[in-house]
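Welcome to this guided tour. Please open your viewer, and we will go from the whole chain down to single side chains.

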Amino acid sequence: MLTVVSDTHSTDGHRLTGRTLRAIREADVVIHAGDFHREPVLDAFDAETDTLRAVFGNNADAAIRDRLPEARTVEYAGVRFAVTHTRRGGETALALFGRERAADVVVFGHSHRPTVTEAGDVTLVNPGSHAQPRGNRPAHAEFEPIDGDGGLEGRLVTPDGDVFERFRVHGTPAQE
């Protein structure tokens with residue numbers, strides 16, 4: 001499983017609870033789309049998983065910016081993820097960012113609003129915030145390989161374990 005979180009906004013701990021904490025611990029790969037806020041929070045995530053692939057967000061302290069990139073690409077089960085915290089220009093800029101990286105999915109945060117949007121050949125996924133939802137439903141995203149399909153089943157999940165949106169993403173076939 002691939003687990004995606006964002007927008008922790010903490011000063012001292014990861015603020016992971018319930019299903020979100022279990023999903024982090026059980027994941028083959030964990031993506032954090034930025035805004036840990038302070039370096040001890042990044043350290044707390046590192047203590048929960050040795051497969052963290054993270055970017056810094058607009059509220060990251062200098063120590064986090066020194067340790068993490070602004071953007072990265074992650075491959076999982078034949079699907080390519082382009083990861084960033086935010087891009088000026090909204091969905092259009094995010095889709096272009098994904099296409100520039102030959103990605104199938106763009107993972108982003110910033111708005112604290114869990115969403116899945118199809119933008120042509122790229123799927124935009126914001127996992128929301130597990131810790132500071134700002135009037136939205138607290139959430140994270142989970143992706144699991146689909147047997148025989150070559151794609152991933154995705155879902156948006158609350159820390160209580162409620163799945164409130166399901167979707168599928170497919171990788172781009174390798175060029176020969």
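A contact, on this tour, means heavy atoms within 4.5 Å. Among contacts in the chain between residues at least 6 apart in sequence, 50% join residues at least 24 apart. Before you start clicking, note that this is a predicted model, in which local features need pLDDT of at least 70, side-chain atom pairs count only at pLDDT 80 or more, and totals for chains, interfaces and linings use all residues. Residues are numbered from 1 along each chain as its sequence is written, and side-chain values use heavy atoms, with hydrogens and water left out.

**Stop 1: the whole chain**

Show everything as a cartoon. You will find four helices and 11 strands; helices (H or I, at least four residues) and strands (E, at least two) are DSSP runs, numbered from the N terminus. The radius of gyration of the chain is 15 Å, close to the 16 Å that the globule rule gives for 176 residues, so the chain is as compact as a globular protein of that length. That radius is taken over C-alpha atoms, and the globule rule is 2.2 Å times the number of residues to the power 0.38. Along the principal axes, the C-alpha atoms fill a box of roughly 45 × 30 × 30 Å.

Of the 176 residues, 54% count as buried. Buried means under 20% relative accessible area, exposed over 50%, and partly exposed in between (1.4 Å probe, protein chains only).

**Stop 2: the nonpolar cores**

Which residues have the most contacts inside the largest nonpolar core? Select Leu2, Ile31, Phe81, Val107 and Phe143 to see them; this core has 21 residues. Strands that each supply at least two residues of this core include S1 (2–5), S2 (29–32), S5 (79–84) and S9 (140–145). S5 gives the most, with three residues. A nonpolar core is a set of buried Ala, Val, Leu, Ile, Met, Phe, Trp, Tyr and Cys residues joined through side-chain atoms within 4.5 Å. In soluble globular proteins, nonpolar side chains tend to be buried together.

Now centre on Phe81. Leaving out residues up to four places away in sequence, Phe81 touches Leu2, Ile31, Val107, Phe143 and Leu152, among others. A second, separate core of 16 residues includes Val30, Leu52, Ala54 and Ala60.

**Stop 3**

Select Thr3, which is found in strand S1. Is Thr3 buried or exposed? Thr3 counts as buried, at 0% relative accessibility. A polar atom of the Thr3 side chain lies 2.9 Å from the backbone oxygen of Ala23. Not counting residues up to four places away in sequence, Thr3 also touches Ile24, Ala27 and His140, among others.

Ala23 takes you to helix H1 (residues 18–26), where Arg19, Thr20, Leu21, Ala23 and Ile24 are buried. The cover over these buried residues includes S1, S2, helix H2 (39–48), S9 and S10.

**Stop 4: salt bridges**

How many salt bridges does the structure hold? There are 13, a salt bridge being a side-chain nitrogen of Lys or Arg within 4 Å of a carboxyl oxygen of Asp or Glu.

- Asp43 and Arg67: the closest N and O atoms are 2.7 Å apart. The pair links distant parts of the chain, with Asp43 in helix H2 and Arg67 in helix H3 (residues 62–67), 24 residues apart.
- Asp121 and Arg99: here the closest N and O atoms are 2.7 Å apart. Asp121 lies in the loop between strand S7 (115–119) and strand S8 (122–126) and Arg99 in helix H4 (residues 90–100), so the pair ties together parts that are 22 residues apart in sequence. Asp121 counts as exposed, at 54% relative accessibility, and Arg99 as partly exposed, at 38%.

**Stop 5: a salt-bridge network**

Finish by selecting Arg19, Glu26, Glu142, Glu144, Glu153, Arg155 and Arg166, which are linked in a network of salt bridges. Zoom in on Arg155 in strand S10, which counts as buried, at 9% relative accessibility. Its side chain makes a polar contact of 2.9 Å with the side chain of Glu142 and one of 2.4 Å with the side chain of Glu144. A polar contact is a pair of N or O atoms within 3.5 Å; within protein, one must be able to donate a hydrogen and the other to accept it, and residues adjacent in sequence count only if both atoms are side-chain atoms.
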